Amino acid sequence: MPGSKPVSVSSKHVAAFRLGRHRLSKQTSLAALSSVPGDMAGAQAQVLLAGQMSIWPRVKGARLRDVDSALWKERTLVRAWGMRGTMFLLPSDDLSVFVRGSARRAAYNLNWAIRHTGSKQDIDKLLDRVAEILEEPRTRTDLAQILTESHGYKLKSKISGGWGDKRRVAHVKVGALSLSMGFLLHIIRARDVICSGPNKGTEATYVRADKWIHDWKDVSQEKAERELLVKYLKAHGPATINDFAIWEGLYMKDAKDIWSKEAENIVEVDMDGSKASILESDLSELESAKVDETVVRLVPYFDSFLLGHKYHLNIVDEKNRKKVYRSQGWVSPVLLVDGRAQGVWSHAQKKSDLEVHVTPFSKLSGQVSERVKEEASDLGRFLECSNVKTVIG
């Protein structure tokens, strides 16, 4: 079909298709909890609770403790850096696809370090040491200490500089450069697959995936890149190469290279006058997609449904866009009605008490208001709060 006239689809078809693929129009079972972040093409979890809460509206009967159990006991879910160098909750079975598939982003920083030290050998040697240390869960403090005491690296203390953080953190010296532990953890992803381990006190730990995940499965970077593009289009299609590049955090030339290798399986559609692409195998489902009844969901901040495209008019009208997509990359919790943002919301929890405050963009129908209250009550169940108060307006 490549090269043929694009099939025309309406925005309602597209919204219904994406809602279905994100498990928002029909929840999945608790037994399938660990597969859901894969269906979403990753559950963003830079803020861990946001990633955990994004599973709630998609899995019938899930509780926060079920997500925690999948992460830290069964290890069927993992938290790891993936697309855009951002933390996600991901299925353990597919972790290599997400990490190796987004390794080009990590390689940008790795290549910067090599250029500025002038020695690939020195950087490789350092990363070999880091990989050895991460055979078990280690904090950044552990990493700095072992590099110094066991491998003879010199450290210096510098202000981290992230998000206005003025704390001084350890940097390892390599030639004329000094690299923070966080930077090392980011650039090692260009070579090795790492993920989060359990916290050690208040500090996060990191560990090699092959030492953490049961029945570890690895794939090559080339295979992972194609599989990750497929996962992206399954969840966020129809989409453009530009959308994909931004979602991955890639230079356009790299996004085009990956896209070209899967191009024979991709077709173009016309969405109310705009051109975008989808997997050919998904075209018939897209054409027939519909919602059987009004879909009302409260999705948390940074929900993956909101993050698949460069432009956001498919989610929210221009008048209210900045209420959802705020400054400094912050994405609000959103009231979705049939895939469109109809308001924002927040929650406050104190022990077993939960208050959910919904601010609609316009007056809600009685039916939608009732569904909102049902959603808020179910969030209380997820968080195991016995008293739930919902405020609309």
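This note goes through the predicted model from overall dimensions to single elements.

1. Basis. The model is predicted, so local features need pLDDT of at least 70 and side-chain atom pairs count only at pLDDT 80 or more, while totals for chains, interfaces and linings use all residues. Residues are numbered from 1 along each chain as its sequence is written, and side-chain values use heavy atoms, with hydrogens and water left out.

2. Overall build. The protein has 16 helices and 16 strands. Helices (H or I, at least four residues) and strands (E, at least two) are DSSP runs, numbered from the N terminus. The radius of gyration is 22 Å, close to the 21 Å that the globule rule gives for 393 residues, so the protein is as compact as a globular protein of that length. That radius is taken over C-alpha atoms; the rule is 2.2 Å times the number of residues to the power 0.38. The C-alpha trace spans about 65 × 60 × 40 Å along its principal axes.

3. Surface and contacts. Buried residues (under 20% relative accessible area, 1.4 Å probe, protein chains only) make up 51% of the 393 residues. The accessible surface (Shrake-Rupley, 1.4 Å probe) is about 18200 Å², and carbon and sulfur atoms hold 48% of it. Among contacts (heavy atoms within 4.5 Å) with a separation of 6 or more, 64% link residues 24 or more positions apart.

4. Five-stranded sheet. This sheet is open, with mixed pairing and the order β12-β13-β14-β15-β16. Its edge strands, β12 (296–299) and β16 (387–392), each pair on one side only. Pairing requires at least two DSSP bridges between two strands. The twist averages 25° from one strand to the next.

5. Inside that sheet. Strands β14 (residues 340–350) and β15 (residues 353–360) run antiparallel and are joined by eight bridges. S346 faces H357 of β15 across the pair.

6. The helix on the sheet. Helix α16 (residues 366–383) lies across β12, β13 (334–337), β14, β15 and β16. It runs at about 145° to β16. Axes are lines fitted to C-alpha atoms, for helices over the stretch in contact; angles run from 0 to 180 degrees between N-to-C directions.

7. A hairpin. Strands β8 (residues 194–200) and β9 (residues 203–208) are antiparallel, with five bridges. C195 has V207 of β9 as its bridge partner. Two residues separate the strands, and G201 in the turn has a positive phi of about 65°.

8. An enclosed helix. How many of the eight residues of α3 (residues 48–55) are buried? Six are, so the helix is largely enclosed by the rest of the structure. They are A50, G51, Q52, M53, S54 and I55.

How values were computed
Buried means under 20% relative accessible area, exposed over 50%, partly exposed in between (1.4 Å probe, protein chains only).
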